[in-house]
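Subject: Structure handover

Hi there,

Here is the structure I promised to pass on to you. Have a look at it first, and then read on for my notes on what turned up.

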Amino acid sequence: MRVEVKPDESYHLINHGPCNLITTGDGTRQNVAPINWTMPLNNDPPLMLTVIEEGIYTEELLNASEEFVINVVGEPLAPKVLACGRSHGKEIEKFKKIGLTPMPSKMVRPPFLRESLAHIECRLTARHPHEGVTIFVGRVLHAEVEQEYWNGKSLVVEKARTIHHLAGGVFAVTERTIQVPKPSLEH
Ligand SMILES: Cc1cc2nc3c(=O)[nH]c(=O)nc-3n(C[C@H](O)[C@H](O)[C@H](O)COP(=O)(O)O)c2cc1C
């Protein structure tokens with residue numbers, strides 16, 4: 001039996017991409033917030049997109065600097081992720097108050113987080129406004145990962161234990177991978 005999920009709750013069925021912390025900044029001001037709806041858009045050219053609600057400080061700084069950094073985080077940071085998502089950078093200085101360390105990025109003005117496992121530096125190439133949100137598209141200028149979490153092809157997710165937001169502060173954590181054998185489609 002299947003149960004109906006209301007349209008405005010249906011996103012919870014596919015919500016659990018890695019929950020990243022997006023850092024923004026224009027050289028003077030800087031901020032950090034979890035933006036779950038962040039994903040790759042293309043690999044060549046390397047493009048990322050992030051969906052930002054109208055009116056949050058992250059949006060203001062993104063518009064000001066046209067740059068953002070995607071910080072990949074693991075399980076130990078989950079409480080800080082939630083704290084960043086339940087507060088506004090216009091009201092509190094999140095880095096100090098929540099205990100995150102901004103570090104100078106290589107190619108963009110927003111900092112990356114020392115506590116992250118990896119980070120991706122992006123510069124805006126397009127904005128797509130929709131009702132209540134804007135899709136910001138950025139080109140990847142630089143990316144780095146802590147060596148111990150990279151096997152040369154992908155994130156070592158069992159070790160990285162990335163967090164995947166389900167709903168209401170509940171996260172799934174990556175614990176294992178499976179290698180699927182090549183499918184044989186011949187009869
Ligand atoms: C787990 C989690 C995921 C979130 N994902 C998004 C998102 O994808 N897009 C968005 O605009 N806000 C998202 N938010 C909400 C923002 O993080 C929240 O509005 C935050 O307070 C904004 O901070 P700022 O005003 O300092 O930018 C999320 C919050 C949490 C806790």
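**Helices on the sheet**

Helix α2, which covers residues 78–85, lies across β1 and β2 and runs at about 110° to β2. Before I go further, please keep in mind that this is a predicted model.

Helix α1, made of residues 57–65, packs on the sheet as well. Its contacts take in β1 (20–25), β2, β4 (46–53), β5 (67–72), β8 and β9, and its direction makes about 120° with that of β2. Most residues other than glycine have a negative phi.

**The sheet itself**

In which order do the 7 strands of the open sheet come? Going across, the order is β2-β1-β5-β8-β9-β4-β3, and the pairing is antiparallel. The edges are formed by β2 (30–35) and β3 (38–43), each of which pairs on one side only. On average, neighbouring strands of this sheet are turned by 35° against each other, direction ignored.

Here are the strand pairs I went through:

- β8 (residues 118–130) and β9 (residues 133–145) run antiparallel and are joined by 12 bridges. In this pair, R127 stands opposite F136 of β9.
- β1 and β2 are linked by 6 bridges, again in the antiparallel sense. T24 has N31 in β2 as its bridge partner. The hairpin of these two strands has 4 residues between them, and G27 takes a positive phi near 105° there.
- β3 and β4 pair over 5 bridges, in the antiparallel sense too. N42 is placed opposite L47 in β4, and the hairpin joins the two strands through 2 residues.

The peptide bond from D44 to P45 is cis, with omega near 5°, and P45 sits in the loop between β3 and β4. As a reminder, most peptide bonds are trans.

What is the volume of the largest pocket? It comes to about 760 Å³. There are 32 residues in its lining, and those closest to the centre are P34, I35, N36, E53 and G85. Two or more lining residues come from each of β2, β4, α1, α2 and β10 (163–167). By class, the lining of the largest pocket has 17 nonpolar, 12 polar and 3 charged residues.

The second largest pocket holds about 440 Å³ of space. Its lining is made up of 20 residues, with M48, V72, A118, I120 and L155 nearest the centre. The elements that give two or more residues to this lining are β3, β5, β8 and β9. Which strand gives the most to the lining of the second largest pocket? That is β9, with 4 residues. The classes here are 14 nonpolar, 5 polar and 1 charged.

**The chain as a whole**

Stepping back, the chain has 4 helices and 11 strands. Its C-alpha trace spans about 65 × 40 × 30 Å along the principal axes. For 187 residues, a compact globule would have a radius of gyration near 16 Å, so the 17 Å of this chain agrees with that expectation.

Best wishes

Methods: Residues are numbered from 1 along each chain as its sequence is written. This is a predicted model: local features need pLDDT of at least 70, side-chain atom pairs count only at pLDDT 80 or more; totals for chains, interfaces and linings use all residues. Side-chain values use heavy atoms; hydrogens and water are left out. Two strands pair if DSSP finds at least two bridges between them. Axes are lines fitted to C-alpha atoms, for helices over the stretch in contact, and angles run from 0 to 180 degrees between N-to-C directions. Contact means heavy atoms within 4.5 Å. On a 1 Å grid over the protein atoms alone, a cavity is a set of points where a 1.4 Å probe fits but cannot get out, and a pocket is an open set with protein on both sides within 12 Å along at least five of seven lines; lining residues have an atom within 4 Å of a point. Grid points are joined across faces, edges and corners, and a volume is the space filled by probe spheres set on the points. Ala, Val, Leu, Ile, Met, Phe, Trp, Tyr, Cys and Pro count as nonpolar, Asp, Glu, Lys and Arg as charged, and the others, Gly among them, as polar. The radius of gyration is taken over C-alpha atoms; the globule rule is 2.2 Å times the number of residues to the power 0.38.
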